[in-house]
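Subject: Structure for your review

Dear colleague,

Please find below the structure that I am handing over to you. I would be grateful if you could read the notes after it alongside the coordinates.

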Amino acid sequence: MLRALYLVIVICCVLPTVFGLVGVSLSSLGYIPPLAMHHPSLDGFAMVFDWQGVWRSISMTVYSAVASTYLACLITFAVLQASWGTAFWRKVEVSLSPLLAVPHVAFAIGFAFLFAPTGMGTRLLHEWFAYDSAAQGVADLALVINDPHALGMILMLALKEVPFLLLMSISILQQVNVSQIEKVSASLGYSRAQAWWKCVLPQWLTKLRFPMLAVMAYGLSVVDVALIIGPTNPPTFAVLVWQWFNDPDLTLLPRASAGAVVLFVISLILIGLARFIEWSITKGLRSWQYAGRRGFALPGKTVFLGLLVMSVSMMPLMLLWSVAQRWRFPDLLPSRYSLRFWEFEWASIVGTIEQSMLIALISASTALVMALLAHEYRLRYRLQVPGYIVAIPMLIPQLSILFGMQVATLYVSGDAHLLWVCWAHVFFAFPYVYLSLDGPWRSYNEGFTRVALSLGKSPLRVWLNVKLPILLPAIVFAWAIGISVSLAQYLPTLVLGAGRISTLTTEAVALSSGFDRRVTAIYAIWQALLPLLFFSFAIFVSHLQVKYRRLSIKGLLPNEYLSRKPRHS
């Protein structure tokens, strides 16, 4: 039974990658039989590279993805170096859940509200330092939002990915045994900062490979964030390809498909570049690891506090914009307040929230069940799909496979838009849920299961009564991650839903281009609030489980086996 279910998992969550890549590759060669295109050619690639400004768009996409990834990696290392094993680290752990709960689109909208030319940052500069923004030109004002060099998008992506990399680093550093490394390094005369640079960094960077590649792939292929704060003339290459896919002239579809293939090739090149950089740091040019030069401490606590303050300030700012009827620039606060925007949008936003929640609950629950089955299969059988194959949807651009997936769905049933959107969300949420459960499943002591089985209990009952209670916090947290990933999906909802399925993310991105900050703020608030509720539920379950186990150990729960007296005399 478990083998049959694992086969279903492979069909639903692994094979679509092959279909997607094959479909978009054939289309890029001009082979699209439904459009009467039966003769393969390279005209699509020629149209891609003949597009004016395409090389600038590609170069801007590449350096923004690489820069944001390694900036996020540096900030993460700085926070870990400054706080791991200290009282401050506990505060970092508590802050991770609310920071992770904010989707990229909501974070980008809040970032734009803070750093736009007429945003809160400029208002504070005008209020405190009498900064005259009117004397600056438009090009000077566009330093962060829609700047031509994508500097704002690099900074925003780096800051948003730091909590994710910190979360992935927890299990890594527990495996590395940092405390023992620090003790041995101190006995050899090395400082704490030097021990982190020379001993912890090479091991941490190697084990952080998949999360870093996932961050790089997202920065390369992101469309929704680039539409909100990215450059516009020319846009990033992913946005350019997305605009080509939306071209009403279907004869130009090979150009869009060829652009998606080019984006996929770029992602492969960047994966190779990342592996080369990792090899150079850890093995190739490692003389710095045993050199006697002194290491230096990074201001990780200050950087994390700045990130936390900026993230926390976004929600009050969006709430303020949602009730601001009149807010002239450069006034620090609105002159008039009103709830009419909430009243006008409430009827439509309730339906969008319900549909978003329905898709997220179905997708996250399905992905969680599949991840549990996949981990149980991995423990029992040798023949299995490697972990890097499972992580492929995280490592390649969505545009490179979505068109092929859309074509495949048209051959089955073109009208089941809700079903295909849920399937696409499961496809992209499954790797995150699977990887989030990987650490807890590997750390679980299988001796508990073997003892329970030796007492004559069935495998299902052992799993429900022994393994599930121990791993329940990790399971609920993985479920919350799946919900957050589903709520943040933009391109899969548009492509597989054919524009007929509306979610909070699609509406927020569409409204952000209209520059009605009040309505945009309302949708961004709800988009940030819903994942936060589920992460809060996961934290509550974790605290409840810890409290329950403490009471069990103390013998305060009468129905627990630990509190029962032995039956023999």
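The following paragraphs set out what was found, from the whole chain down to single residues.

Please bear in mind that this is a predicted model. The chain contains 27 helices and two strands. Its radius of gyration is 25 Å, close to the 25 Å that the globule rule gives for 569 residues, so the chain is as compact as a globular protein of that length. Along the principal axes, the C-alpha trace spans about 85 × 65 × 60 Å. Of the 569 residues, 51% are buried. The accessible surface of the chain amounts to about 27,200 Å², and carbon and sulfur atoms account for 65% of that area. As for contacts between residues at least 6 apart in sequence, 80% of them join residues at least 24 apart.

On the surface there is a nonpolar patch formed by Leu7, Ile11, Leu15, Val18, Phe19, Val22, Leu26 and Tyr31, which together have about 710 Å² of accessible area. Helices α1 (2–13) and α2 (15–28) each contribute at least two residues to this patch. Helix α2 provides the largest share, with five residues. One member of the patch, Leu26, lies in helix α2. Leu26 counts as partly exposed because its relative accessibility is 38%, a value between the 20% limit for buried and the 50% limit for exposed residues.

Leu167 presents another setting. This residue is located in helix α9, which covers residues 151–176. Its relative accessibility is 18%, and Leu167 therefore counts as buried. Which residues does Leu167 contact, leaving aside its neighbours within four places in sequence? They are Leu96, Leu100, Phe477 and Ile481. Ser64 is 103 residues from Leu167 along the chain, and the C-alpha atoms of the two are separated by 23 Å.

Finally, I turn to the cysteines. The structure has zero disulfides. Cys73 takes part in none, and the nearest cysteine sulfur, in Cys199, is 17 Å away. Cys73 is counted as buried because its relative accessibility is 8%.

Yours sincerely

Methods: Residues are numbered from 1 along each chain as its sequence is written. This is a predicted model: local features need pLDDT of at least 70, side-chain atom pairs count only at pLDDT 80 or more; totals for chains, interfaces and linings use all residues. Side-chain values use heavy atoms; hydrogens and water are left out. Patches are made of residues with over 30% relative accessible area and no salt bridge: like charges are joined within 9 Å, nonpolar side chains (Val, Leu, Ile, Met, Phe, Trp, Tyr) within 5 Å. Accessible areas come from the Shrake-Rupley method with a 1.4 Å probe; for residues, only the protein chains shown count as cover. A salt bridge is a side-chain nitrogen of Lys or Arg within 4 Å of a carboxyl oxygen of Asp or Glu. Helices (H or I, at least four residues) and strands (E, at least two) are DSSP runs, numbered from the N terminus. Buried means under 20% relative accessible area, exposed over 50%, partly exposed in between (1.4 Å probe, protein chains only). A disulfide is a pair of cysteine sulfur atoms within 2.5 Å. Contact means heavy atoms within 4.5 Å. The radius of gyration is taken over C-alpha atoms; the globule rule is 2.2 Å times the number of residues to the power 0.38.
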